[in-house]
Amino acid sequence: MLILECPYCGVKAEETELTPGGEAHLKRAGPGSSDDEFEAYLFMRKNPKGVHFERWRHSHGCGKWFHAARCTATLEVFGTYPAQTTEPPKDIQDRIRAKRPDWEGWA
Amino acid sequence: MSTRLQKGGRLIDRSKPLQFTFNGRRMSGYAGDTLASALLGAGQMLVGRSFKYHRPRGIMASGAEEPNALVGLGEGGRFEPNQRTTTTELFDGAVLESQNHWPSLEFDIGAINNRLARLFPAGFYYKTFMFPRFAWKHVFEPVIRRSAGLGKAPRHRDEDRYEHAYAFCDLLVVGGGIAGLTAALAAGRQGKRVWLVEQTPHWGGRAVVDGAQIDGMEADAWVRQALQTLRAMPNVTLRERTMAAGLYDHGYVLLYERVADHTPGDGRPRHRLWRMRAGHVITATGAIERPLAFAGNDIPGVMLASAVRDYVVNWAVSPGDRTVIVTNNDDAYRTALVLLDAGLSVPAVIDARPGGGGELAQAVRERGVRVLDGKGVAQVKGGKRVTGVSVCNHAGEGAEIEFIPCDVVAMSGGWSPVVHLWSHCGGKLIWDEERAMFRPDPNRPPTGADGQAMVTAAGAANGMLLVQEVLEDAHSAAGGTGAAPGGFCAAEERILPVWIMPQGAGPELRAKMWLDPQNDVKVSDVELAAREGYESVEHTKRYTTLGMATDQGKVSNINGLAVLSQALNRPIPETGTTTFRPPYTPISMGAIAGEARGEIFQPMRRTPMHGWHETHGAHFEPVGQWRRPYCYLRTGEGIQDAVNREIRNVRNAVGLLDASTLGKILVKGPDAGRFLDKMYTNMMSTLPVGKCRYGLMCNENGFLMDDGVVVRLSEDSWLCHTTTGGADRIHAWMEDWLQCEWWDWKVYTANLTEQYAQIAVAGPNARALLERLGGMDVSKEAFPFMTWREGTLGGFRARVYRISFSGELSYEIAVPASEGLALWQALLEAGEDLGVAPYGTEAMHVLRAEKGFIMIGDETDGTVIPQDLGLDWAISKKKEDYLGKRAQQRPYMVSPERWRLVGLETLDGSVLPDGAYAVDEGYNANGQRNMQGRVTSSYYSPTLDRGIALGLVRRGPERMGEVLEFPVDGGRVIKARIVDPVFYDKEGERQNV
């Protein structure tokens with residue numbers, strides 16, 4: 001039962017108010033993409049033990065999708081940020097690097 | 001015999017005697033008794049039978065760790081099996097029955113298993129019940145089912161009610177002993193919002209029984225004063241009878257409050273489940289005494305030393321007249337002192353330590369008790385009750401030195417901190433060699449959202465066993481300022497770890513040393529598992545069932561893993577513990593359900609016409625959270641008759657369908673057109689204002705996920721109809737793409753499903769009916785098929801769509817929800833002589849199947865693409881992209897071998913079973929017939945007076961006229977011919993008039 005702060009409405013939302021949406025920052029592969037690109041987009045997920053970027057929707061609240069950076073092993077939350085971005089904000093990346101010096105980066 | 005003592009008993013009120021029955025025998029106890037103390041007070045030591053060998057079982061403990069003394073409690077709607085007598089309060093009129101015996105507790109036939117114990121070793125089930133295969137069904141399973149299982153399942157509906165509650169605090173302190181009280185005091189004084197919970201109805205924990213001194217007071221007096229101080233603090237909440245069942249992510253704790261177990265039927269909820277969010281948690285959950293593994297340690301009368309002390313001090317119950325104490329530590333000597341004070345005899349204290357004990361041992365000696373240092377118990381004698389112990393050298397192999405008659409053996413193998421909550425969410429343990437215990441590792445705590453420790457263990461739960469260190473530890477755990485309360489108790493000599501007694505015991509004795517008395521797991525079973533290669537403690541647990549009884553290993557786990565370590569000749573920390581999982585002790589199913597039962601188990605959605613349906617014979621079916629009329633039953637009519645009548649009425653006259661549940665999503669904005677071109681397989685941006693178009697939605701895997709009619713309302717707005725079950729899902733799906741992929745597009749969506757009531761008016765008389773209402777030109781010329789009009793209809797503000805899901809002339813009328821019922825009634829009134837009648841969802845299904853229209857969830861199952869369903873006409877060839885387009889280009893999706901939609905007509909006109917498979921030549925790798933198709937929808941068609949079906953068949957449309965074989969139950973085979981999926985009005989003339 002995680003608590004994640006919705007970056008839109010500021011509510012510290014309990015997991016029951018949220019809907020999970022899997023890995024964040026996927027790059028959509030549409031018509032014209034190679035089989036490998038499409039397979040990577042549709043099926044290949046990192047599923048790391050450690051730092052992870054996820055999609056969550058504040059579905060029983062303001063209805064907005066946002067992203068959360070957290071550790072799947074310890075459940076530590078490094079931050080949440082709006083979904084309208086193609087990569088994690090720098091301040092969150094810095095925070096993760098400070099706490100997990102051997103983190104290999106988000107990409 | 002156990003009995004009630006003449007005086008004493010901290011917790012009982014002798015002025016309030018309570019009556020109860022045990023297996024029908026009338027007994028009495030006092031207010032303040034637990035069921036266990038009342039049973040012992042009434043002379044009842046034998047309370048059940050063990051699980052596997054049906055050996056007699058007595059009360060062994062006094063708290064949550066009790067493995068044996070479970071009973072069925074209550075009657076009728078208040079009966080509940082497996083109630084732990086040591087943690088359940090006695091109430092007047094309680095009805096108890098013992099479990100796991102037949103025909104009676106005293107005489108049990110299953111006890112024959114005991115004689116056959118050699119034949120039932122560890123892993124017996126896995127080894128024995130392998131072959132022959134048929135024996136499983138006819139021999140093994142019936143026998144196992146009859147003799148396995150503890151309590152009986154309740155037969156009646158639970159009469160009680162339960163509730164959930166939410167709470168928040170800065171600090172949750174779990175455990176109301178002196179550690180918990182000290183922590184709560186320290187945190188309360190800092191102004192923190194503190195919750196202090198205690199699982200029993202009493203505060204003070206062990207210290208009040210063991211007689212410590214705190215701040216110069218008796219522990220009892222100090223506890224009273226601490227409670228007074230805490231109750232005066234507005235920021236502190238105290239709750240007794242409340243157990244922290246589990247600790248989860250980010251400070252989430254489930255608290256189980258037994259509100260009215262002791263006052264059944266008084267109108268209060270029986271249990272309350274608190275969903276607590278705590279900023280920090282202090283586990284002051286104490287420690288549990290370990291049994292010692294000596295031969296015969298399962299005989300009724302062998303008890304934990306601390307439990308013996310509890311029964312005497314708290315409830316004035318003497319477990320027996322002559323108690324021999326067996327120990328490896330100093331604490332058990334307190335039991336000797338308590339027994340002596342109560343006037344009972346202690347023939348001997350057997351101490352495994354060659355050097356014996358400290359101050360407490362000296363005090364016991366001074367009272368004239370024999371203390372035998374370096375000795376052990378070779379064997380306990382007795383059947384249904386202890387009759388004596390045979391003493392040996394602990395260092396030897398068990399040769400008897402002397403025999404001491406007694407009726408109770410009080411044993412202590414040391415204390416194990418209660419680390420369950422600490423461990424639930426990832427806290428790790430370390431093995432403390434000196435104290436011979438696993439205790440929380442302060443360097444590896446469970447962590448919260450900020451990455452910091454969210455739990456601190458305090459007091460005995462942290463491995464601190466002496467009063468002074470408990471108080472200091474708890475004070476500092478809560479960040480207390482100033483001095484901790486000052487405590488005093490006797491100094492203690494170091495414990496000697498004893499895992500089997502005597503240490504050189506041979507196989508004969510080891511086969512009688514119980515580790516888990518409820519599940520009948522013995523030292524010999526764990527050693528056998530080790531010999532057979534079970535090295536992981538988790539595997540050994542499952543193989544032997546050690547710790548899998550209802551006490552979840554509270555008394556057996558540490559001893560078991562120590563025995564395993566010894567057998568594998570490796571240090572204990574290398575073996576480690578099994579995983580601690582919530583709940584700490586079982587919580588009721590009722591508490592988990594809370595208020596969510598009966599009518600409010602799930603909220604029900606009702607259309608504006610729901611009430612009318614109810615009063616007009618509607619036979620409802622659940623569709624998502626809606627209830628939709630399946631059909632409307634008339635007097636004396638069966639369901640199939642009603643469905644057939646409704647279908648004929650639509651084909652011949654006119655029917656009304658409550659279509660309000662259909663999803664209605666408004667999509668609006670400058671980019672709405674190109675957005676819908678992505679969402680749907682066909683082109684929606686080119687749909688002219690005033691027109692309707694049937695659309696398909698696929699997921700990114702290419703599979704069809706929803707369908708419905710899209711309406712162009714204005715230049716920048718579209719109304720998307722979805723399936724009934726799809727409204728919320730599709731709205732969320734749209735939002736996902738808008739917010740996360742095309743977030744710079746200017747589009748808004750709104751789910752209007754409940755804003756409108758919608759009625760389908762279908763049948764040859766539909767136009768005449770609408771003309772009667774008047775106000776709108778509904779003629780063929782003015783209002784063609786697949787268009788919509790807005791205006792007034794019979795005075796109602798209406799939007800009317802000329803669309804058809806039945807194949808008949810059809811209008812769907814949407815009005816504001818508040819006017820839905822009035823329109824429904826107006827239509828029924830106006831059309832009486834036109835034969836108007838409502839029809840339900842089943843008629844709708846048959847009508848659409850007769851027309852070969854697909855249904856999401858019938859023809860689709862998450863593996864079907866629109867091309868499989870012959871819907872290529874609804875897939876734009878011009879669009880560069882839509883969701884699912886790339887996936888539909890994958891080789892398997894374009895394979896000609898795919899199963900595709902066809903109609904199926906049985907040769908004999910019968911109805912194929914829904915879901916039946918068509919077999920093909922040959923067999924697959926599992927020896928099953930190969931398949932070549934399956935039935936997706938199947939109905940009796942009253943219009944055609946025969947069975948009709950839709951199905952997916954390999955290369956189906958290329959195989960018109962072929963006959964397939966569908967094996968059904970009992971070896972019967974139904975033959976059906978592949979036909980066009982449109983069974984009725986193939987040219988579509990009826991809807992286009």
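This is a predicted model: local features need pLDDT of at least 70, side-chain atom pairs count only at pLDDT 80 or more; totals for chains, interfaces and linings use all residues.
Mentor: Strands (E, at least two residues) and helices (H or I, at least four) are DSSP runs, numbered from the N terminus.

Trainee: Hold on, how does the numbering work?

Mentor: Residues count from 1 along each chain as its sequence is written, and chains are lettered from A and ligands numbered from 1 in the order written. Local features need pLDDT of at least 70, side-chain atom pairs count only at pLDDT 80 or more, and totals for chains, interfaces and linings use all residues.

Trainee: New topic. Helix H8 of chain B: how many of its residues are buried?

Mentor: 11 of its 11, over residues 305-315. Among them are B:Arg309, B:Asp310 and B:Trp315. Buried means 20 or more other C-beta atoms within 10 Å of the residue's own, exposed means 12 or fewer, and partly exposed lies in between; C-beta atoms are placed from the backbone.

Trainee: What comes just after H8(B)?

Mentor: B:Ala316, with a positive phi of about 50 degrees.

Trainee: Why does B:Thr229 count as partly exposed?

Mentor: Because B:Thr229 has 15 C-beta neighbours inside 10 Å. B:Thr229 sits in helix H7 (residues 219-231) of chain B. Its C-alpha atom is 7.8 Å from that of B:Leu185, 44 residues apart along the chain.

Trainee: How many residues of chain B are in contact with chain A?

Mentor: 20 residues of chain B, with 21 residues of chain A. Contact means C-beta atoms, placed from the backbone, within 7 Å. Helix H22 (residues 727-740) of chain B gives the largest share of chain B's side, four residues.

Trainee: Within chain B, what about domain 1 and domain 4?

Mentor: 18 residues of domain 1 are in contact with 16 of domain 4. Domain 1 is 1-157 and domain 4 is 513-588. Those bounds come from an automatic or database domain assignment.

Definitions and conventions
Two residues are in contact if their C-beta atoms, placed from the backbone, lie within 7 Å.
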